[in-house]
Amino acid sequence: MNNNKLDNLHAQMVEHGWQGILITDPKHVYYLTGFASEPHERFLGLLLLQGEEPALIVPALDEEAARQASSVSRILSHTDTSDPYVLLQQLTGTAMETFAIEKEHVSVSRFELMRQAIGAKQYADVGPILRDMRVRKSPEEIQRLKHAIQLVEDVLRHGLTHVKEGVTEVELVAELEYHMKKIGADGPSFDTMVLFGTNTGLPHGVPGTCKLQHGDLLMFDLGVYANGYASDITRTFAFGHIAPEAEAVYNAVLQANLAGIQAARPGVTCASVDQAARSVIENAGYGSAFNHRLGHGLGMGIHEYPSVHGANTDLLLEGMVFTVEPGIYIPQLGGVRIEDDVYVTASGVEVLTSFPKELTIL
């Protein structure tokens, strides 16, 4: 089997002295095998054992799909009336010294079932290794991310054509999510956010029946999944006209966004990128109104490593993809956030999002 990712993971298993690894996060199963599935409550697992061919354990109803898509040819299935942990016990055989699992993904109840089946003396966490494998995106992954971004920008352009006085937040959300599917996205990568007026002052506001009025700010925060990869973009607009203070807030956020992008390059800390953007907002007098991190990693997950905040001294690496999304939120006025997706190159970053971000009054 020619699978560099699995070969890398197997080599890490040997280096750490683990007798086996069980991957149960569906995203990581897809990343390592090419088989995408949402098993819901059913068991899905990729088992690696030293000296043996990898085994993919799937629900019976997904067996044929797995055989068509997976780079792993050894596929075993379980029915809804059979116990997949018995199958896991048969595959692992004798008790092991150390076995690795995804500790962040496995629930306590599932771990207890795994432990009973595998019987290892101790359990290591394979999560950090998978994180480090995923953090540097391959050229193919960048193309998939670019495709997801192209789709979401098309969705945003379409949504703006439906902006009119009296439309509600949820009506625009429905139009955006309908158009996502229509143009080929798998679906939203998170709950689509459309907020009007003072609701924009809530960084994670929930769209409702608020109607758009002249003078309102409009915030669109949306993304799509396509071919297993996510996009994430935020743009803020004004409807009809914009109040002077809201315009000042917008300009401060835009300059902070540009400063964060300018500061990003391999070898600098996540904290320094956050501070470059945050200092612009602080100098404008709105420091306390920027109450979240600058950004987060983006890839197969909508939120993944790295977390770009002021206390993170981890270094940016070539191949990382993350968001730059400064914001200012003032309860009685509203809020502005501008978010781009950026890719760390050898000398700086490539901004993958291209939707205009200069102040636009609709």
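Which side chain has a polar atom 2.9 Å from the backbone nitrogen of G301? Hi everyone, that is where I'd like to start today. The side chain belongs to E304. I count such a polar contact as a pair of N or O atoms within 3.5 Å; within protein, one must be able to donate a hydrogen and the other to accept it, and residues adjacent in sequence count only if both atoms are side-chain atoms.

A quick word on the model before we go on. This is a predicted model, in which local features need pLDDT of at least 70 and side-chain atom pairs count only at pLDDT 80 or more, while totals for chains, interfaces and linings use all residues. Residues are numbered from 1 along each chain as its sequence is written, and side-chain values use heavy atoms, with hydrogens and water left out.

Back to E304, then. E304 sits in strand β14; here helices (H or I, at least four residues) and strands (E, at least two) are DSSP runs, numbered from the N terminus. With a relative accessibility of 15%, E304 counts as buried. For that word the cut-off is under 20% relative accessible area, with exposed meaning over 50% and partly exposed in between (1.4 Å probe, protein chains only). The strand around E304 is mostly covered too, since 4 of the 5 residues of β14 are buried.

What does β14 pair with? Its partner is strand β13 (residues 295-297), in the antiparallel sense and over 3 bridges; two strands pair if DSSP finds at least two bridges between them. G297 has E304 as its bridge partner, and β13 and β14 make a hairpin with 6 residues between them.

Now to the pockets. Rolling a probe the size of a water molecule over the atoms shows where empty space is left. I work on a 1 Å grid over the protein atoms alone: a cavity is a set of points where a 1.4 Å probe fits but cannot get out, whereas a pocket is an open set with protein on both sides within 12 Å along at least five of seven lines, and lining residues have an atom within 4 Å of a point. Grid points are joined across faces, edges and corners, and a volume is the space filled by probe spheres set on the points.

The largest pocket comes out at about 540 Å³. Its lining has 19 residues, and H28, E104, G127, R131 and R134 lie nearest the centre. Which element gives the most to that lining? It is α6, with 6 residues. α2 (26-33), α6 (127-135) and our friend β14 (304-308) each supply at least two. By class, the lining has 4 nonpolar, 5 polar and 10 charged residues; Ala, Val, Leu, Ile, Met, Phe, Trp, Tyr, Cys and Pro count as nonpolar, Asp, Glu, Lys and Arg as charged, and the others, Gly among them, as polar.

Let me stay with α2 for a moment. At the start of the helix, a side-chain oxygen of D25 reaches to within 3.0 Å of the backbone nitrogen of K27. Just after α2, G34 takes a positive phi of about 90°.

The second largest pocket has a volume of about 400 Å³. M193, P203, H204, D221 and H303 lie nearest its centre, out of 19 lining residues. Its lining splits into 6 nonpolar, 6 polar and 7 charged residues.

N291 is in the loop between α10 (270-283) and β13, and with a relative accessible area of 51% it is exposed.

Last stop, strand β18 (residues 340-344). Buried or exposed, what are its residues? 5 of the 5 are buried, so β18 is largely enclosed by the rest of the structure. D340, V342 and V344 point one way, and D341 and Y343 the other way. Strand β15 (residues 321-324) runs antiparallel to β18 and is joined to it by 4 bridges, with F322 opposite V342. β18 also pairs with β19 (residues 349-351) in the antiparallel sense over 3 bridges, where V342 stands opposite V351.

Thanks, everyone, and over to you for questions.
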